[in-house]
Structures are given as structure tokens and as C-alpha cells.
Protein chains: 2
Amino acid sequence: MADAKLQIIPLGGLGEFGMNCLALRYKDDILVIDAGLMFPETELLGVDIVVPDISYLVENRELVRGIVLTHGHEDHIGGLPWILSELNVPVYATEFTLAYVEGKLDEHKMLDDTELIEILPGVKFTLGPFTVEPIRVTHSLVDCVALAIDTPVGVVVHTGDFKIDFSPPDGKAIDLHKFAEYGKRGILALLQDSTNVDRPGYTPGEWSVRPRLDEIFSRTKRKLFFSCFSSSIYRIRIALELAQQHGRKVAILGRSMVESSEIAQDLGYIDVPQGLIIHPGQINDHAPENVMVLISGTQGEPMSALSRASVDNHKHARIQPGDTVLLSSRVIPGNEKSIGRVIDHLCRRDAQVIYDDGSHGLIHVSGHASQEEQRLMINLLRPKFFIPVHGDYRNLKKHAELAKNTGVVKEAIVIEDGDVLELDGESAVRSGKVTAGRICIDSGSTADVVQDIVIRDRRHLSEDGFVLPILTINKLTGLVERQPELVTRGFVSGETGLMEAAREVVIKTLENSTAEEKADYGVIKEKIRIDLKRYIQKNTSRRPLIMPVILEI
Amino acid sequence: MADAKLQIIPLGGLGEFGMNCLALRYKDDILVIDAGLMFPETELLGVDIVVPDISYLVENRELVRGIVLTHGHEDHIGGLPWILSELNVPVYATEFTLAYVEGKLDEHKMLDDTELIEILPGVKFTLGPFTVEPIRVTHSLVDCVALAIDTPVGVVVHTGDFKIDFSPPDGKAIDLHKFAEYGKRGILALLQDSTNVDRPGYTPGEWSVRPRLDEIFSRTKRKLFFSCFSSSIYRIRIALELAQQHGRKVAILGRSMVESSEIAQDLGYIDVPQGLIIHPGQINDHAPENVMVLISGTQGEPMSALSRASVDNHKHARIQPGDTVLLSSRVIPGNEKSIGRVIDHLCRRDAQVIYDDGSHGLIHVSGHASQEEQRLMINLLRPKFFIPVHGDYRNLKKHAELAKNTGVVKEAIVIEDGDVLELDGESAVRSGKVTAGRICIDSGSTADVVQDIVIRDRRHLSEDGFVLPILTINKLTGLVERQPELVTRGFVSGETGLMEAAREVVIKTLENSTAEEKADYGVIKEKIRIDLKRYIQKNTSRRPLIMPVILEI
């Protein structure tokens, strides 16, 4: 039996939302679950995406047997290009998830170099000492799985993102029997999705939006713009069915929406009758009441099709008085302002805008389990140890309390990114830390890691701009050759003449410095920086970035 | 009777939330209602506050008779220092509002130069052709008024911010009788607060949080940190009463909280028994169960007392395991992340955190009228014309529809900042536009207007930093004296050697330029900028700010 301990090491997504990534290690074998990204907070200036710091995996590259993905959302697969560029290991995922992964790797020209292995719910596979059984779960996306991982010290179940949906539109319900079986045999640890731990009750199934959407279709007299997340395959399916039923042709706008519906069609998740889809250029060939436009941009992304349409800047999507725009989605925190702006523009065009403000009925449902579903899963599995995954610290903590209160788990343990949790059959002990953190990437290229110092500089620049005093020093004589120059951008001096006075400050600093100081460029730069900073701060209460430059001539 | 038209000209707050400011003009007299500020969206980098563009008032400075304030919130008075510095006119407000205004003007050293005139509910005063009667209304702040303005073409009522609270903690209920009287006589136009037009029903009164807060006091075994908006005088009053009742001494932390409670105490809005308040330094002299800390920082502001306490960085406020932190407030959109961060830190310190997540009962109430209150007011006043004020375009539009649907108004009209609405006794017609917009101010000083170009520069700098090629040109010979230098900050090159190669680009550009071009610094700078931009973009997909500098030596 087991002569060592199993280590559970979250590298992303515990203590924050997004960039989910977790390592399981037993002796000299590591299995990685998910490889997500996170969209940056606004204070990470100029950063496009954030991925987990995988130093720990890179240091142990010989031990990593593969990455297993639970489903195809960006916070579970979006970090793959970055991680694979550091660590070329096989990737295991279901058919639909692989389709998204392929698109992503193709974009980064990494598709040929990556081994992609398709997995199937119910079909076990082995990675070193780990035998993994994917179990079908339901979520807002299709073809999602939980993972039951048999290890030398016991079975670990990772739910991935899930809710309990007994009749999803594709008829592939969550496999509760399998969870029950595992529970009966007894499992060591359950890692469960914490996202909706704040919500009491059950999350409605994916079908449950259909009645209200049907009503909206019935009442809409002119063009209907239907917007949802492009990965909401079920929602797209329902929208297409309703369009067909209500005699509307469908034009699809927005790159992500087009790609996503093509994949879903190829893999049989949506079934499109001949002649339903029209080219966007044909919208005007049909009467407004006979058209639905499936359009991306629910979060008010400035370059999205919907955003552009809202300011009448889209070639094909003209929104006219009396048209209806339906946002079948939620507001992701942080996007309130941009979504609000788009809605305001749509209202100014006299469109009727239907969004999830509580007054329009059920037009969107969450993909994550609410409290009762979390309790149900815990009761089915009866794990010895419970570890909440996915969420801010307060979610994890609340989720651990919920698990403890079910009375069926021996212990509920909150760990965060970088913590190492060691389990044998009987105990679970936090033991030390590995490197974990966020890597900021500019413009999506994996080569473009942004250091903290760069972000600090950008923040500094973004607040008060910069002031650069430039000095020319004669290489031979060591004398200052001309009056210093001050160059500035993004800085408001408030009063005229300030820059002139600032220049005098630099001149005075030079005068008050010894020849020795002037010969040591490090010293003289720092003296100038400090004097100038003090002067500017006193006179303007501002702190531009000050960076003296010395040119030798 | 009237031989001219009345003009209603919103200058701020219509089509956006915040910086409320509206002008009424009749021939050569202008009356201004409110002078608010707005806190900037994150994309306005480095900007501290935003105020309305008052060019229209400045152009007509001889006609402006005064500014009348409805109440003391920042979005109604915060722009005063800026506006008064452009336009020194008398300011009319109630006692409590004036106390806030005085503090603000004192800070800007403008108190001595401003004429402040106290007004009283029910006591009319005259400004040119306008006779103004303040009418007491209820809100989340104390001493708030609506304004009934008798003009030559009829009575205009502006509600200010209001809700209908029949038993506020200070016993000063909304004066419904007065509104009924005006309604009976007949009014021309109603300008009504749109903020909560999305909410059905009635907004609960200020007292209604007391039972739930009382329970929280009862169940709290250790220190209680009570946080609310510092202007929530009623909430502070309730907190102090409960502290007294539950045997807790009170320490007050945070500058705004201290100032606000002092003003409220001076003006008799809160009554503090001898010995209730202790100095923050005395917190540890009392058992944890005998202390309440009234602390500012409900929005997770990074420098607030609560933020600092959450990371154990406050001299007096140490949060210990088992302490309770109560956020008796709402989340202002945009602040989710910063508030979430503070809550996470508090959870990590094992404090129990109670915030308005729907699971803690009524711990906060809005200060704005919900739909039924809006309908009630419209029915009482029966205005000919209805004009929604305060809110995004979609709020105004929805509010206009609500008013129309009551059946008692002749016309509901949506106008936005800068629109001129002309009324005679019978008609209301949009006629033209005046200048309106946002003025961005750095660091709160009225001298520090930030131009659009500066914000654009900062945004540019915040995304990719800067690259400054510096050239030295001999003044006499016109020759380039040394190799160009490239200085950069906030820019990630992605690959080593890029800056060296970029320098080669500059050298090549110089080589390929004629002597004439080199003599025209504007031309040569632009050539360098373009070549360098193209090179950097091609090799890094980035767009740092590029600003060639030429030094003559």
C-alpha cells in the first residue's frame, strides 16, 4: 500500500476567481488539473491576461505526467499556451473541450507540438500512479467532467465546475450514479466548486430559461438581437430553436460567436435546419420581424459586435427604433460601467433592451451549484476530507463551513494557492509552501511576461505622467555641457513657469554637487531625482515618475 | 404675466450618475440647483474628481443669481469649490448642508470669500424672478429639501434626492402636505429623482435596519467594528444608541467619520451620553465585548481606516479572531474588487464579516424613492410636464415611461446634459444645446484641470510605457554628435536585444535623412517616431508612447 503521502498543491484559483490550476503529487509523479487564465483587474495596467506562476511545475518538469482539463472555459484552459510553452506535456480532455483547445493552440502556432488525448466519461486512464475516471457533470458549457482520481492513498474527486442539471438540452445529465458508487466505496478527499456558495437552494437547469425567452420571441415585433456568452452552447441552441419556431432567420455576428457555434454544430451539440442561417449581409433582405441576430458582446467589450452596433458602427447590425436587444447573460463584476454604456446607447436608439435586472423573468441561469447541490454532492460522496476550490478566500471559508455542517465530512480544510496539503489515509496536514502567484502577460504572447516593476512603473506613469531631466556631460572633462533639458508627458504642472523653476532646481543641484559626485552618475542622478521630486511635490502635490538621464558627449 | 419662456438646462447628472447641476433661466436671470462632483471611472487615469463643465454659466456670469443646494452629498455639493472659483455667487442651503459646505470651502481656503445663506423648509426666498420654497424631504442624509420654484410661467418642483420616510430617526418626516398643496394649486413641471426607478415597491425607512442591527449587537461576543458611509447620520445615530444600550464604549476611526459625527453632534442630530465615546488609544483598556469601533471605509478605499485595519496596519484598530466587522452599506458599482479584497483579508484574520449579500437581513437601506414612492409624488403633484433627473439614460427613459403610465402628467420628457428645454404655460420644447461635459481635476485643487490630451497620454503610458530616443545635434554644424540614446520605462521588449536593434533603426533613419530634414527638428522627430513605432509594433505588437527628444549642443 501507500508508503508516501499524496500532496495537493493549488497553483491558481484558490483565493481568487479565475486561472484554475492544481497539482496532485505522489512521490515522483505529478498530475495537473486545469490550466486557466484570469482577466486582469483594471489596476494591472496594459496587461491582457494573467496566468498562474508554474515555477513549481517547471522545477519538477521531469515529474509532470500530463494536464487533465475538466471543461473548456477560459478560466480552465486559457493558460495552456503559456504553460505548454514552459512545459510540453500531454493534455487530456473531452472532445468538445479539445476543440476549444485546438483553436487556442492553433492561434499560438503550438498545435503541432502538443499531444492532445481525448477522454470519455466513464473510461478510465492512467497517469503514473494515478488512475483517472472522468465523470459527466453539467454546467453552462457542454461536455464537462469531474475527475475521480484513484491514488495509492485513496480516491480524490475534483468536481470541476458543475451544477446538478437533470435535463440539460443535450440530454446528457450529470452522472449521479457514478458519484453515488464512489461515495459508497468511500473516498479520501473531495475538491468542490465554491463559486456559488453564497446562494441558497438549487441553481435552475439550462432549460429553465426557455419559457421566458419564448415569451420574448412572441412579443417581439421587429428585429431581435440575441446576445449571450459565446461559450453558452445550450443558450445558443435554445435561441436557434426559438428562432426557427418563430419564423426568424438567423445571422451570427462576432468572431467568438461564429467560431463557437461552428464547433457546436460540428460536434452535434446544435442542429441547424437547412436555410435557417443567413449571411449577415442578407439581414436587410428579410422583414425585421423575420430576423434574429445572434451577436457577441454581453459584457460591453468595446470592440465587440454589440458595442459597435450600439453606436451604429457595425456594417451589418443596424439597430433601429423598436428593435429588441436581449442580453441573456449576467454582469461579470467589474463590467457594470461598460455594459451600462452599451445599454444607454441602445436606449438612445430607441431599442427595447432586456437585461437581467430582476424585472424580466428568468433570462439567464448560473452554471454553478448552489448550496443544496453542494450539500447533495457532499452527501453522495461522504469524503474524509473536504477542500473547497475556485473562489475568493471568503467563498472558500464559507464553503468549508457548509461542508462541516453537513456532518458527513471528517475535516474541511481551506488552502490557498501555493499551500501544500499532505494526505495519507487518515490525516490531512498543511506542510509548507511552493512558489505560486500571478504572471502578467501583455498582448497574449507567451514571450511577453510583465514584471511587477513594469506594472508599478505604468501605474506611476498613469497617475501623473513623467518628468525626465536630461543632462549632457562631457566625457573627457566631466563638465556639464549645456543647460539641462526637462521633458515631460502626462504631467499637469498646474501653474505656468513650474517647469522653468524645476530646471533651476536641477541646475542648483548640479552647482551644489562636488566633482566627485558628478563623476558618479548613479549618485548625481539620485540627487537630482530627490531634489526635483521634493520640489514638484511641494508645488503641485503630484508625484510624476522622475528619471534623470545623463548623456555623455 | 409671462412674456418669455422658462429654460431648464441640465449641466450635469442627466445621462450619468453624479455631478448633479441644473440651471433654470428666465430672461436675464439664472438660478442654479446643486453643484456636484463625480468620482472618476478607472479609465480616467490619475484624475481625482470630475465636475460639470460650467462654460454656459461662466459665459452668462452676470445673470447667475445664486446656487441653491438640495442636500449635502458629494454628488450635489462636491463641485462647489471649482464652480465658485469660476463664479462667485451666493450659496443657499439648509443648516446641515451648509456645515458640510463650510468644511469643504475651508479646505480650499474659499470660506471667507463666499456668501453662504441659510434656508429653512417652508420659508420662501426670492432670487430675481424666482420665488423658492424649500420643502422638507427624507433621504439617507439629514436636513434635505426639495425645491418648489415659482416662476413667471408656473411652478417647477425639483425633488432633490428623496425617499418617503414617515418616521426618520430625527422625527423630521417628509412634508407630504406641502407637496399636496402645490399639487392642488397645479404645477408646471416636476423634476424627480430617477435613481431607483428599477426598484418596484417602497424603499424601507431609515429606522428599518434597527431590529437586525440590534440582533447583531446581541450576538456579537467580542469587538464590533461598525462601518457605514460617514454621511449616514441616521445610521451613525442608530449605531451609537445600540452601543449605549449593549454596554459598549465607542471609538471613532477615520477622518471623515470623525468630522461627520462632530457636525451631527453639534447640530443636535445625534445625542452622545457622557462617557460613551473613548479615544482610539483606549480601545485596549476595555474588554472586547465592551467596545464598538465606528470606522470608515465601506468601499474598500485603500487608505481608509478599515482597509488598513484589515491588513493589521492601523495603530488603534487591531482585528482579532472572533471580532465582528459589520458593513452597513451597499457596494457602489465599480468597487466590488476593492471591497472583496478587504473582506478576504478580514476573513483571513478570522473575523466574522457581515455585509449586504442578501443573507444577513436588512442591514442597509437605500436613500432613494422606489417606483411606488415616485408614483405617489407624481400623483400628489400632478405636473403638466415631467422631467426625470439623476441617472443614466436608461434610468431617465424608464422613469419617463413610469410617469407617463400614471396618466396624470401631460408629457414626460427625457433631456440630457446640455439640452435646453423651453417651457411656457402650455408647451415644453427642446430648443438647442449649450456646452456641457466633464472637467477632470487632479488632486482636488481647482487649478488642476486635466486636459483630454493629458489623460490620453496617461492611458497610452499606462498600457505600454514609453520609449524616448534622445539625439544630440551640434547647433553649429547641424551634425548628430553621438549615437542616439534610448530611454524606456513601463515597456516590455519581450526579447533581449530589441532596444539595441531599435537604436539601429534610429541611426538608419538619421542616415536616410537629408541635411535639410535634420535641420528641421519637427520633421526629423516625426520621421524617427514613425520608423521606430513601426519597428516596435512589428516586433512586439506593442505601442509605447514614442517621443523623440533633440538636444542642441
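In this predicted model, His76(A) is found in helix H2 of chain A, which covers residues 74–77. With a relative accessible area of 0%, His76(A) is buried, and His76(A) also belongs to a group of positions that UniProt, in an unreviewed entry, lists under "binding site".

**Positions listed in the UniProt record**

- Leaving aside neighbours within four places in sequence, His76(A) is in contact with Asn20(A), Asp34(A), Ala35(A), Gly36(A), Leu69(A), Thr70(A), His71(A), Asp161(A) and His390(A).
- Asp48(A) is found in the loop between strand E3 (29–33) and strand E4 (49–52) of chain A, and with a relative accessible area of 37% Asp48(A) is partly exposed.
- Asp442(A) is found in the loop between strand E23 (438–441) and strand E24 (449–450) of chain A, but at 1% relative accessibility Asp442(A) counts as buried, because buried means under 20%.

**Helix H16 of chain A**

- Helix H16 of chain A has 20 residues, 521–540, which at 1.5 Å a residue should span 28 Å, and this agrees with its end C-alpha atoms, which are 28 Å apart.
- The buried residues of H16(A) are Ile524(A), Ile528(A), Leu532(A), Ile536(A) and Thr540(A); they cover an arc of only 85° around the axis, which puts them on the same side of H16(A).
- On the other side of H16(A), Arg534(A) and Lys538(A) are exposed.
- The buried residues of H16(A) pack against several elements of chain A, including strand E25 (466–473), strand E26 (485–489), helix H14 (498–511) and helix H15 (515–519).
- H16(A) is followed by Ser541(A), whose phi is positive, near 60°.

- Met257(A) has its place in helix H8 of chain A, residues 255–266, and at 0% relative accessibility Met257(A) counts as buried.
- Not counting residues up to four places away in sequence, Met257(A) touches Cys228(A), Ser230(A), Ile236(A), Ile252(A), Leu294(A), Ile295(A) and Ser296(A).
- Met257(A) and Glu336(A) are 79 residues apart along the chain, and their C-alpha atoms are separated by 22 Å.

**Strands and sheets**

- Strands of a sheet pair through backbone hydrogen bonds, in either a parallel or an antiparallel sense.
- Strand E10 of chain A, residues 144–151, is mostly covered, since 7 of its 8 residues are buried.
- Strand E9 (residues 130–137) of chain A and E10(A) pair in the antiparallel sense over 7 bridges, with Thr131(A) standing opposite Asp150(A) in E10(A).
- E9(A) and E10(A) form a hairpin with 6 residues between them, and in the turn Asp143(A) has a positive phi of about 55°.
- E10(A) also pairs with strand E11 (residues 154–158) of chain A, in the antiparallel sense over 5 bridges, and here Leu147(A) stands opposite His158(A) in E11(A).
- The hairpin that joins E10(A) to E11(A) passes through 2 residues.
- In chain B, an open sheet of 6 strands with parallel pairing has the order E15-E14-E16-E13-E17-E18; strand E15 (277–278) and strand E18 (352–354) stand at the edges, each with a single partner strand, so one side of each is left without a neighbour in the sheet.
- Within chain B, strand E13 (residues 224–227) and strand E16 (residues 291–295) run parallel and are joined by 4 bridges, and the bridge partner of Ser227(B) in E16(B) is Ile295(B).

**How the two chains are related**

- Chain A is superposed on chain B by a rotation of 179° with 0.2 Å of shift along its axis, at an RMSD of 0.5 Å; the two copies are thus related as by a two-fold rotation axis.
- In chain A, the C-alpha nearest the axis is that of Ser462(A), which is 2.4 Å from it.
- The copies meet through the same surface, because 100% of the interface residues of chain A are also interface residues in chain B.

Key:
Residues are numbered from 1 along each chain as its sequence is written. Chains are lettered from A and ligands numbered from 1 in the order in which they are written. This is a predicted model: local features need pLDDT of at least 70, side-chain atom pairs count only at pLDDT 80 or more; totals for chains, interfaces and linings use all residues. Side-chain values use heavy atoms; hydrogens and water are left out. Copies are superposed by least squares on the C-alpha atoms of residues with pLDDT of at least 70 in both. Contact means heavy atoms within 4.5 Å. Buried means under 20% relative accessible area, exposed over 50%, partly exposed in between (1.4 Å probe, protein chains only). The expected span of a helix is 1.5 Å times one less than its number of residues. The arc is that of the directions from the helix axis to the C-beta atoms. Two strands pair if DSSP finds at least two bridges between them. UniProt positions are given in the numbering used here, feature names are shortened, and annotations may be inferred rather than shown by experiment.
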